[in-house]
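Reader: Hi! Could you walk me through this structure in plain words?

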Amino acid sequence: MNVPQLTSLGLGIVTGAAATVGATLGRQLVTKVKVGKGHPLKHRVLDLASGALQAKYPIDAMSTYLNGLHMYADDMGRQVEAAHFCIHLRHDLHQCVIFDRNATDARLIGIEYIISEERFRTLPAAEKKLWHSHHYEVKSGILTAPGVPEIAEHSYFKDLVSTYGKTFHTWQYDREDFPYGVPQLMMGFTADGQANEDIIRARDARVGVSTQSKRASREDIPTPQVDPGANHWERGRSLQTTTEDVPFRSTLRPD
């Protein structure tokens, strides 16, 4: 490749990168304008300025969008859609923030930590009760990565099928239009007949996926042996968070 060709290639790369950055900034600007409607002018100006000037490294690092369903740990009848935005923080740990959907005005409803099978097996028995397996969510097609090419998604879920998640929802949006109450422990499904098919069909139509097609394409993914310490609700008992009034310690403690 001669010098003019290299120069042309370099300009093309720079132009493409600039276009991508411009499109991203433009999309962010449109989003902030849309979400800011109805807010006081000074708040909208501050939001736009901070969006353009502030670095938000943890947010920028979230590279994966997963869509699935959760159920409350003590009530299978309460099932909600969960849009996860995750970062692979370490080789054995993902961390995700969860919204009710993938939209500019989505409600922040919770968090999830996802760990490897190897890490899960080292946890104390009491800790394992807070975690759920992902084997059925992956094999059933309920957990998806919308917009990701099939070959890449299949490879991703082949690794995810043996992982475990600990999830708390901070907003019970199936009941309240405001984040009342304490965080609630959530669980995942482990067998056919548990997930609400109406919720799945509505999710599929809105997100543009087919749970049945995903299920068929993942038949070749091996089902792992699930640690008996997970999915505590399957034993007919469950853990759930509540509040307790306790004495307040007012004395300072030495470092």
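Predicted model: local features only at pLDDT ≥ 70, side-chain atom pairs only at ≥ 80, totals over all residues.

Reader: Great. How many helices and strands are in the protein chain?

Author: The protein chain has nine helices and seven strands. Helices (H or I, at least four residues) and strands (E, at least two) are DSSP runs, numbered from the N terminus.

Reader: And what share of the residues is buried?

Author: Of the 255 residues in the protein chain, 37% are buried. Buried means under 20% relative accessible area, exposed means over 50%, and partly exposed is in between (1.4 Å probe, protein chains only).

Reader: Which residues touch the most other members of the largest nonpolar core?

Author: Those are Ile115, Phe120, Trp131, Ile142 and Phe189, in a core of 20 residues. Strand 1 (64-72), strand 6 (164-169) and strand 7 (184-187) are the elements that give two or more residues to this core. A nonpolar core here is a set of buried Ala, Val, Leu, Ile, Met, Phe, Trp, Tyr and Cys residues joined through side-chain atoms within 4.5 Å.

Reader: What does Phe120 touch?

Author: Leaving out residues up to four places away in sequence, Phe120 touches Ile115, Lys128, Trp131, Tyr164, Asp227, Gly229 and Ala230. Contact means heavy atoms within 4.5 Å.

Reader: Which hand does the disulfide have?

Author: The torsion about the S-S bond of Cys86 and Cys96 is about 105°, so the disulfide is right-handed.

Reader: Are those cysteines buried or exposed?

Author: Cys86 counts as buried at 1% relative accessibility, and Cys96 counts as buried at 4%.

Reader: OK, over to strand 1. What does strand 1 pair with?

Author: Strand 1 pairs with strand 2 (residues 75-90) in the antiparallel sense over nine bridges, and a hairpin of two residues joins them. Leu66 stands opposite His84 in strand 2. Strand 1 also pairs with strand 7, antiparallel over two bridges, where Met71 has Met187 as its bridge partner. Two strands pair if DSSP finds at least two bridges between them. Strand 1 is mostly covered, with eight of its nine residues buried.

Reader: How many residues of strand 6 are buried?

Author: Six of the six are buried, so strand 6 is largely enclosed by the rest of the structure. Tyr164, Lys166 and Phe168 point one way, while Gly165, Thr167 and His169 point the other way. In a regular strand the side chains alternate between the two faces of the sheet.

Reader: Which strands pair with strand 6?

Author: Strand 4 (residues 108-115) pairs with strand 6 in the antiparallel sense over six bridges, with Glu112 bridged to Thr167. Strand 5 (residues 132-133) is antiparallel to strand 6 over two bridges, and His132 stands opposite Gly165. Strand 7 is antiparallel to strand 6 over three bridges, and there Leu185 is the bridge partner of Phe168.

Reader: Switching to helices: which residues of helix 8 are buried?

Author: In helix 8 (residues 197-207) the buried residues are Ile200, Arg203 and Asp204. They cover an arc of only 100° around the axis, which puts them on the same side of helix 8; the arc is that of the directions from the helix axis to the C-beta atoms. The buried residues of helix 8 pack against strand 1, strand 2 and helix 9 (211-217).

Reader: What's on the face turned away from the buried side of helix 8?

Author: That face carries the exposed residues Asp198, Arg201 and Ala205.

Reader: And which residue follows helix 8?

Author: Gly208 follows helix 8, and its phi is positive, near 90°.

Notes
Residues numbered from 1 in each chain as written. Heavy atoms only, no water. Disulfide = S-S within 2.5 Å.
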